[in-house]
Amino acid sequence: MSLVHIIDVESGNLQSLQNAINYLGYETKLIKSASDPELLTAERLILPGVGNFGHFLDNLASRGFEQPIKDYIASGRPLMGICVGLQSLFDGSVESPKSKGLGLIPGTLSKFSTTDGKSVPEIGWNTIVPEEDLFFGLDPYKRYYFVHSYAMIVNDNQLDVLRGNGWKTALTKYGNEKFVAAVQKDNVFATQFHPEKSGEAGLKVIDNFLKGIHPVTQYTDEQKAILANDYTNFGLTRRIIACLDVRTNDQGDLVVTKGDQYDVREKSEEGNVRNLGKPVELAQRYYKQGADEVTFLNITSFRNCPLKDTPMLDVLRLAAKTVFVPLTVGGGIKDVVDTDGTKIPALEVAGMYFRSGADKVSIGTDAVFAAEKYYANGEKGDGTSPIETISKAYGAQAVVISVDPKRVYVKDPSETKNKCLETVFPSEDGKKWCWYQCTIRGGRETRDLGAWELAHACEALGAGEILLNCIDKDGSNSGYDLELIDHVKSAVSVPVIASSGAGIPAHFEEAFEKTKADACLGAGMFHREEYTVKQVKEYLASKGLKVRLDEF
């Protein structure tokens with residue numbers, strides 16, 4: 001079995017990349033030091049990176065990798081960069097002005113603009129703009145998973161410079177901005193998107209690189225014109241996320257469950273925890289149905305379990321072996337004291353989940369505490385919250401904030417310090433104003449902090465996405481709280497995921513058409529097999545909404 005070497009500077013989730021390569025029939029070996037003798041004999045090398053440009057490049061430099069990577073490339077052996085691995089080939093990035101790139105490609109990366117209304121980071125499935133000579137089987141009819149705030153945004157002059165230096169480019173548009181999605185020159189190939197998280201389409205790209213082949217598909221001018229201008233929703237498909245609430249039941253088994261207003265027990269004399277299936281099996285089912293992402297929410301606190309043995313780590317390891325779309329895990333991402341009394345910071349806890357296969361971590365209760373501290377400190381962070389420490393190391397796109405609000409009616413906005421909205425659904429006693437009160441600890445406690453204020457603070461602290469639940473809607477199957485979605489969207493420029501209340505495919509359409517939701521999440525309706533993910537996507541496609549369907 002052929003061996004593929006991967007450079008590891010502890011920047012993001014490499015487990016999924018290893019799993020993808022193993023799935024294709026290769027063995028993998030991590031190289032963590034430039035002095036590793038296997039770097040001299042490696043036949044194929046992959047340079048993956050996630051998160052902050054400076055963090056990644058500074059780690060490459062501190063571990064002495066810069067010159068050995070250049071020597072490796074000069075030897076003519078194949079190298080593939082992924083995400084920040086691609087960005088590292090350029091001169092630098094405005095994200096980290098003091099950190100130098102490898103300088104193999106002229107140009108400096110910049111941040112996406114939000115002036116055209118798009119969310120930043122770009123999180124989702126986008127296409128490649130077709131050109132005459134796409135490489136390694138890149139296919140403009142397929143969708144690839146992008147998750148980044150910074151990119152090599154280009155105009156015609158910059159493209160001329162790249163091509164004049166011998167680089168072939170594959171481009172993608174996000175809103176009004178065109179950026180480099182992939183590059184290739186001689187033995188070097190790199191992608192801004194994550195092929196290991198792009199389903200079968202991404203696996204084919206990795207396989208083509210490892211085999212050194214360039215299958216080419218011919219397109220008519222008419223097809224190219226259609227593909228190049230297919231940019232509804234800023235170029236992204238409508239993301240459908242399958243969510244699994246995971247906990248132990250009364251028999252000690254790890255199960256996926258679902259309830260009403262966060263009560264997961266059966267309405268019977270026994271009152272057993274609802275068992276809707278095993279988490280890994282359900283994750284695989286939803287992946288095969290076309291889920292764009294899978295989220296695991298750990299709703300059991302495993303108090304007497306050493307952190308390294310937390311069952312959710314095994315769930316992620318197993319799921320990541322066959323589920324090649326992004327995985328998010330929530331619950332317990334905080335500073336903890338282990339069973340032996342050892343204090344473990346949230347950054348290290350998150351690192352364990354990333355190394356097990358997670359791409360993003362979701363923070364709930366501790367996000368509320370961080371936001372309260374942010375406002376108490378004059379709207380400034382102090383660098384110590386889990387949001388700040390994790391996003392600094394892994395990037396904003398790796399940090400999701402899980403919000404659990406409930407509607408509170410008031411006669412007048414002056415009754416609360418939190419931002420209110422005038423609702424079209426007044427209370428029974430005629431109150432027309434409301435705000436959304438944040439809760440903590442699974443909805444059991446309330447705080448004097450609004451969902452708008454929480455989202456605003458968490459974006460400022462470094463979060464890259466909001467998972468917007470709603471206690472009033474949870475388990476109701478009556479549709480999402482549309483007012484809440486746009487209320488929170490008005491507070492941030494990062495993507496917002498609509499959650500709680502979906503019961504039929506039309507609820508997803510309603511959220512996408514009537515709000516600015518960036519993604520929609522479903523749970524119980526999928527677990528109970530009332531609808532499949534594919535059925536929801538087919539319904540959305542029939543209504544003219546772009547979804548990723550071609551592989552399923």
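Reply: Gladly! Ser-110 stands opposite Ala-151, a residue of β9. This is a predicted model, with local features needing pLDDT of at least 70 and side-chain atom pairs 80 or more. Residues are numbered from 1 along each chain.

Stepping back, β6 lies between β5 and β9 in an open sheet of three strands with mixed pairing. Because β5 (90-93) and β9 (150-151) each have a single partner strand, they stand at the edges, and one side of each has no neighbour in the sheet.

Now to the helices. The axes (lines fitted to C-alpha atoms over the stretch in contact, angles 0 to 180 degrees) of α1 (residues 15-23) and α7 (residues 199-211) come within 10 Å and cross at roughly 70 degrees. The two helices are therefore roughly perpendicular (65 to 115 degrees). From α1, Leu-17, Ala-20, Ile-21 and Tyr-23 make the contact (heavy atoms within 4.5 Å), while α7 supplies Glu-200, Leu-203, Ile-206 and Leu-210.

For another pair, α11 (residues 346-356) and α13 (residues 386-394), the axes come within 9 Å and cross at roughly 50 degrees. Here Ala-346, Leu-347, Ala-350, Gly-351 and Phe-354 of α11 meet Pro-386, Thr-389, Ile-390, Ala-393 and Tyr-394 of α13.

Key: Side-chain values use heavy atoms; hydrogens and water are left out. Two strands pair if DSSP finds at least two bridges between them. Helices (H or I, at least four residues) and strands (E, at least two) are DSSP runs, numbered from the N terminus. Angles under 35 degrees count as roughly parallel, over 145 as roughly antiparallel, 65 to 115 as roughly perpendicular and the rest as oblique.
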